[in-house]
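Keep the structure in view as you go.

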Amino acid sequence: MKLKMLCLALGLVLTIPNFAAANGKVPDTKGEQREDAPCDCQEGKEHHHHMMHRDWHAHMAEKEQMLLKWVDQYTPDKKGEWTKVLAEKKTLRNEWMSPENAEKRERWKKEKMAKMEELKKQFDEGKITKEEFIKKAHGEKHLGHWKMFHELRLAVEKKDDKKAAVLLNQLLDQAKQHNLRIKEMLKKE
């Protein structure tokens with residue numbers, strides 16, 4: 001009897017924090033959790049932690065506006081090109097996410113998951129290291145973009161005009177390459 005009570009008490013202790021954490025959140029249609037209230041993160045916490053609380057679309061729009069402001073400041077001659085590339089990116093994303101392309105997305109997702117499973121198997125068997133697993137699984141393209149954006153932000157903060165202009169041009173090239181990859185994925189049957 002004492003063992004049953006101990007197990008029950010332990011179960012309650014472990015589940016109550018989850019009930020409390022769920023308070024104030026409503027499920028999103030995509031199965032994610034969203035907060036009703038603004039983020040209450042304390043200053044000094046990791047930036048990524050704070051970003052998990054924000055709406056992704058709002059964040060991307062904010063980032064785009066910041067990027068265009070920097071383009072105006074550091075590479076105004078490229079403003080038209082940036083505007084075109086960003087508009088094309090939105091159009092391509094909407095097309096990719098459309099119901100007509102659901103089958104392509106599922107096929108792409110299955111291929112990606114199969115690749116991940118193969119890499120996980122190689123990692124479990126000791127054929128590749130953790131670093132190799134991460135590099136092959138995610139590639140450097142996504143990490144490179146975020147790293148470059150971070151470097152751009154630092155260059156802007158330091159008022160390093162030359163570095164900011166170089167990084168903006170590199171980001172523009174990456175955005176064009178990304179759009180080409182999406183176009184290729186859309187063309188696949």
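**Exercise 1: α4 against α7**

Helix α4 and helix α7 (residues 161-187) pack at an angle of about 30 degrees, with axes 10 Å apart. The model is predicted: local features need pLDDT of at least 70, side-chain atom pairs count only at pLDDT 80 or more, and totals for chains, interfaces and linings use all residues. Residues are numbered from 1 along each chain as its sequence is written, and side-chain values use heavy atoms, with hydrogens and water left out.

Task: classify the packing of α4 and α7, then describe their contact.

Step 1. Take the angle. It makes α4 roughly parallel to α7 (under 35 degrees; over 145 is roughly antiparallel, 65 to 115 roughly perpendicular, the rest oblique).

Step 2. Take the handedness. α4 and α7 cross in a left-handed way (the near helix is turned anticlockwise from the far one by less than a right angle; clockwise is right-handed).

Step 3. Find the contact residues (heavy atoms within 4.5 Å). On α4 they include Trp82, Val85 and Leu92; on α7, Leu168, Ala175 and Ile182 are among them.

Step 4. Sort by class. The α4 contact with α7 holds 11 nonpolar, 2 polar and 6 charged residues (Ala, Val, Leu, Ile, Met, Phe, Trp, Tyr, Cys and Pro are nonpolar; Asp, Glu, Lys and Arg charged; the others, Gly among them, polar).

**Exercise 2: α3 against α4**

Task: do likewise for α3 (residues 56-74) and α4 (residues 79-96).

Step 1. Their angle is about 165 degrees, and their axes lie 10 Å apart. Therefore α3 is roughly antiparallel to α4.

Step 2. The crossing of α3 and α4 is right-handed.

Step 3. Leu67 and Val71 are among the α3 residues that meet α4, whose partners include Trp82 and Leu86. This α3 contact with α4 has 6 nonpolar, 2 polar and 5 charged residues.

Note on methods. Axes are lines fitted to C-alpha atoms, for helices over the stretch in contact, and angles run from 0 to 180 degrees between N-to-C directions. Helices (H or I, at least four residues) and strands (E, at least two) are DSSP runs, numbered from the N terminus.
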